[in-house]
Amino acid sequence: MTDRGRCSGLTDVAGLRVGHARVAGEHALTGTTVVLAPEGGVTAAVDVRGGGPATRETDALDPRNLVERVEAVVLTGGSAYGLDAASGVVAWLEEQGRGVRIRDRTRVVPVVPAAAVFDLGRGGDWTLRPDAATGRAAVEAAAATGVRKPVGEGGVGAGTGALVGLLKGGVGTAATVLAGSGITVAALVVANAAGSAVDPLTGVLYGRYYEGRTAYPASGVHEAAQARLAALRAEAESEPLNTTIAVVATDAALSRAQAQKMAGTAHDGIARAVRPVHLMNDGDTVFALATGGFPLGDGPLALNPVLSAAADVVTRAIVRAVLTAEGVAGPAGVFPSYQELYGPDRSGEGP
């Protein structure tokens, strides 16, 4: 595999666009991210493995059910409240005449799957969370971007208030191109996990072990970081309520059943980068999209390289999310970034 994508992110899959919006307010630390498909939609599926998911329209993606394609996917903050952001995306799509066509095919019903992370109150005000207006702003931002444009990372959109353990999390994205077939596989992740992305014994990001680019922190740095995290842990008022959500996409032609398999395998990428994972206070959810630009190939094992790459890009996207996040301090607490504690990444390749 190679990373020849133009942006090395989700938008390397031709036709996909990404838009972010943030909830306004001095004490707001939340937002919404929309993945907008090309007109006509894309094949979609989902796999939910966390014990506390906040989702919308996931049953519609079951391969046994009616809906074949979707026009957009919403990733949002605000827990169950934030799912209202999808209503703004639905309204915008209806205005564009995009969705499942019914009656004489002049009417549409946009089916917009969504998943939310728990970030309530992280800016200090529990009542500030994404709503329909936030969703509309995010989908309009996606529609306004050109094709293959870089995706904003770190504390943006649905990652605005994200945490990974005690560290600031956020949005990360990564892509790869499969050698031989030219198929692109990419992921966008909102890293907001109850578990940790950092090995407590070494200070190395778990996702770096998989990449084979381990660079151990300088002497004393890890010990100082652990001491600060221990102090923050002692000040924490309650157990974390989190959730990691992702969109993994490919330009291969997949059936809905194959897309569902890709969503399931992509969860392995979360498990490589975050430990523990899929807890009862996580709502880990992965959506899979297939635009269908490349034939998959013959035989029952032709899907395997796509499945493997899906897990890989999710791991890399979580590393990106943690390394591009900036620390936040406010009324709800202090959330340092990984680089604030450990310094610039020393793995021989930037974030």
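**Note on the predicted model**

1. Among contacts in the protein chain between residues at least 6 apart in sequence, those joining residues at least 24 apart make up 78%. The model discussed here is predicted.

2. Secondary structure comes next. The protein chain holds 8 helices and 17 strands. Two of these elements, strand S9 and helix H8, return in the points below.

3. Taken along the principal axes, the box filled by the C-alpha atoms is roughly 65 × 50 × 35 Å.

4. On burial and surface, 54% of the 351 residues in the protein chain are buried. The accessible surface of the chain is about 13,900 Å², and carbon and sulfur atoms account for 51% of that surface.

5. On charge, the protein chain has 30 positive and 35 negative charges. The mean positions of these two sets are 5 Å apart.

6. Which aromatic rings pair, and how are they arranged? A pair of aromatic rings is described by the distance of the centres and the angle of the planes. The whole structure contains 2 aromatic pairs. One of them joins Phe118 and Trp126 in an edge-to-face arrangement, with 6.0 Å centre to centre and 65° between the planes. This pair counts as edge-to-face because the angle is over 60 degrees. Phe118 is buried at a relative accessible area of 17%, whereas Trp126 is partly exposed at 45%.

7. Tyr338 and Tyr342 form a stacked aromatic pair, 4.7 Å centre to centre with 20° between the planes. Both tyrosines belong to helix H8, which covers residues 338-342. They are 4 residues apart, about one turn of the helix. Tyr338 has a relative accessible area of 7% and is therefore buried; Tyr342, at 8%, is buried as well.

8. Is Ala114 buried or exposed? Its relative accessibility is 0%, so Ala114 counts as buried. Ala114 lies in strand S9, residues 114-116. Leaving aside residues up to four places away in sequence, Ala114 touches Ala54, Thr55, Arg56, Val74, Leu83, Ala86 and Phe287. The C-alpha atoms of Ala114 and Val34 are separated by 9.2 Å, although these residues are 80 apart along the chain.

Notes
Residues are numbered from 1 along each chain as its sequence is written. This is a predicted model: local features need pLDDT of at least 70, side-chain atom pairs count only at pLDDT 80 or more; totals for chains, interfaces and linings use all residues. Side-chain values use heavy atoms; hydrogens and water are left out. Helices (H or I, at least four residues) and strands (E, at least two) are DSSP runs, numbered from the N terminus. Buried means under 20% relative accessible area, exposed over 50%, partly exposed in between (1.4 Å probe, protein chains only). Contact means heavy atoms within 4.5 Å. Accessible areas come from the Shrake-Rupley method with a 1.4 Å probe; for residues, only the protein chains shown count as cover. Lys and Arg count as positive and Asp and Glu as negative; His and the chain ends are not counted. The place of a charge is taken as NZ of Lys, CZ of Arg, CG of Asp or CD of Glu. Rings of Phe, Tyr and Trp (its six-membered ring) pair if their centres lie within 6.5 Å; planes under 30 degrees apart count as stacked, over 60 as edge-to-face and the rest as tilted.
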